[in-house]
Amino acid sequence: THGRTLVVVGHGSHLNADSARAVRAHAHHLRESGQFQEVLEAYWKEEPSLRQVLQTARYREVTVLPAFISEGYFTEQVIPRELGLSHQGRVPQGGITGEVNGKTVHYTRPYGIHPAMTDILLARAREVCPGWEAQKTALVVLGHGTRRNARSREAIENAAKTLAATGLFAKAVALYLDESPYATAWPEFTGELDVILVPFFASEGWHTQETIPEELGLHGAVSQLDERRVCYAHPVGTHPDVKGVLLELVHEAGGTVSGDVDEVHALAWNALLNAASAGLTVGELQIEPLPHGKFALRNVVDAGEDDLDTVPLDTVPLDTVPLDTVPLDELNAVTGRDDVGKHRPIRTQKGLPRGWRAEVSGVDLRHALHAIYPTVTEEAHAFEQGNLPITPWPDTAARQSGMYRRVRHATPEQLQSAQEMTCSGCLRSPLWAGETLSGTFLSGRSCGLPCAEACTLLVSEVAHLLEESP
Ligand code: SF4
């Protein structure tokens with residue numbers, strides 16, 4: 001009955017399902033550590049969303065860990081604002097603590113600025129070209145860089161300086177993709193030395209796999225350029241030792257306290273369990289009660305079909321492997337794309353894939369639903385109780401910053417068009433835009449899924465329309 005929830009935060013993407021992969025892996029490893037009663041994920045550009053994640057936390061003691069490689073706009077402004085924390089600006093060592101709707105929230109610094117990242121950088125450099133003579137080698141730390149926030153490069157500068165001071169390499173410098181000193185100028189900084197390039201990035205992706213190799217003319221792990229060897233390492237953020245850094249940041253933030261179960265949350269899940277025990281359809285998902293307190297989950301269209309294509313879930317006895325571990329990740333990944341493999345950043349967008357089946361215990365039903373349709377249970381229950389707070393569009397628009405600041409100037413027609421583009425393909429009903437709902441799936445209306453606030457997909461569509469308008 002006591003515990004705490006850890007929320008691992010990533011950026012996510014409206015377009016690319018792989019963008020969240022590194023954060024998912026961190027969350028998976030932290031679950032496996034067994035140090036937390038609950039580990040959730042939350043993203044800026046996909047679900048589970050930052051705006052909703054705290055209400056999905058089971059415990060009243062929550063630690064939020066931004067799995068970001070640098071400090072800056074997201075860790076200092078967007079994440080605390082979206083969570084409902086009053087803090088804005090740099091997060092001090094030890095993190096900050098605030099109260100949000102009856103929950104105590106400890107918010108930590110991002111992992112990229114932790115001094116231990118220098119050791120991880122070194123490990124990445126060493127593993128990629130073992131046996132190279134360090135004294136004839138230059139180490140180049142590659143960062144993204146951003147002109148908007150000088151602090152975002154502080155961690156990279158510090159790591160490069162620390163390594164230069166150790167004298168382990170003949171040289172150690174930091175170069176950037178988007179600002180001076182540019183990564184493309186690496187020959188000027190490295191003389192005739194062999195070079196190891198280590199991307200100070202959170203994950204493998206467009207930059208590490210395409211931009212950097214293309215701009216620098218790299219071919220695989222070791223390239224022969226200008227009559228010397230240039231070695232290209234994996235990004236620091238995916239190194240297994242990052243898990244230790246994440247745990248340390250959680251400890252720093254004072255997150256060892258165990259909290260009570262959130263009563264409102266418990267009531268919502270009791271209501272779900274009761275409804276599921278009689279058989280329940282949630283949007284496109286069918287939950288069928290089985291003997292011994294178990295439940296079968298599948299796409300409602302697949303109900304009654306025995307000859308389905310199988311995915312790993314079908315072959316894993318989920319009652320013996322808790323969903324909190326590998327199967328949970330499978331469930332999220334399997335239902336995170338539609339039948340043609342397209343990313344579903346908002347999980348209630350129509351198109352839950354077919355061809356899979358999961359069998360879960362009553363306890364794991366919560367984890368499974370959190371992976372398939374995050375937040376809908378808490379929101380539906382609040383709606384049924386008459387307690388679902390609705391955020392009207394002007395409030396959502398006024399909160400936006402950066403590239404989305406302009407959405408506050410959208411005309412009603414532009415908002416309407418954006419809604420037609422995004423909400424028409426979504427199972428939720430946009431109550432924030434004045435739509436009404438007579439009840440939810442908890443009271444038998446399978447497509448009764450309330451939407452209390454415009455999601456980031458809608459916001460970005462409005463921004464896109466504004467950009468296109470004359
Ligand atoms: Fe769905 Fe529209 Fe709500 Fe986004 S704003 S979750 S698309 S109903």
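**Close-up 1. A salt bridge between E38 and R366 in the predicted model.** The side chains of E38 and R366 meet in a salt bridge, with a distance of 2.6 Å from N to O. Because E38 belongs to strand β3 (residues 38-43) and R366 to helix α12 (residues 362-372), this pair ties together parts that are 328 residues apart in sequence. E38 and R366 are both buried.

**Close-up 2. A salt bridge between E47 and R428.** Here the side chains of E47 and R428 meet at 2.9 Å, again given from N to O. E47 is found in the loop between β3 and α2 (50-53), while R428 is part of strand β17 (residues 428-430), so the pair ties together parts that are 381 residues apart in sequence. Both of these residues are buried, and R428 is also one of the residues that surround the ligand.

**Close-up 3. The shell around the ligand.** Together with R428, the residues I346, T422, C423, C426, W432, C451, A454 and C455 surround the ligand.

Close-up 4. R21 is exposed, with a relative accessible area of 52%, whereas D18 is partly exposed, with a relative accessible area of 34%.

**Close-up 5. Strand β4 and its pairing partners.** Strand β4 (residues 61-66) is mostly covered, with six of its six residues buried. In a regular strand the side chains alternate between the two faces of the sheet. In β4, E61, T63 and L65 point one way, and V62, V64 and P66 point the other way. Strand β2 (residues 5-10) pairs with β4 in the parallel sense over five bridges, and V7 has V64 of β4 as its bridge partner. Strand β6 (residues 103-107) also pairs with β4 in the parallel sense, over four bridges, and there the bridge partner of E61 is T104.

**Close-up 6. Helix α4 and what covers it.** The twelve residues of helix α4 (residues 117-128) should span 16 Å at 1.5 Å a residue, and the end C-alpha atoms are 17 Å apart, which agrees. Buried residues of α4 include M117, I120, L121, R124 and V128. Among the elements that cover the buried residues of α4 are β7 (137-143), α5 (154-166) and α8 (242-252).

Technical notes:
Residues are numbered from 1 along each chain as its sequence is written. This is a predicted model: local features need pLDDT of at least 70, side-chain atom pairs count only at pLDDT 80 or more; totals for chains, interfaces and linings use all residues. Side-chain values use heavy atoms; hydrogens and water are left out. Buried means under 20% relative accessible area, exposed over 50%, partly exposed in between (1.4 Å probe, protein chains only). Helices (H or I, at least four residues) and strands (E, at least two) are DSSP runs, numbered from the N terminus. Two strands pair if DSSP finds at least two bridges between them. A residue is near a molecule or strand if one of its heavy atoms lies within 4 Å of it. The expected span of a helix is 1.5 Å times one less than its number of residues. Contact means heavy atoms within 4.5 Å. A salt bridge is a side-chain nitrogen of Lys or Arg within 4 Å of a carboxyl oxygen of Asp or Glu.
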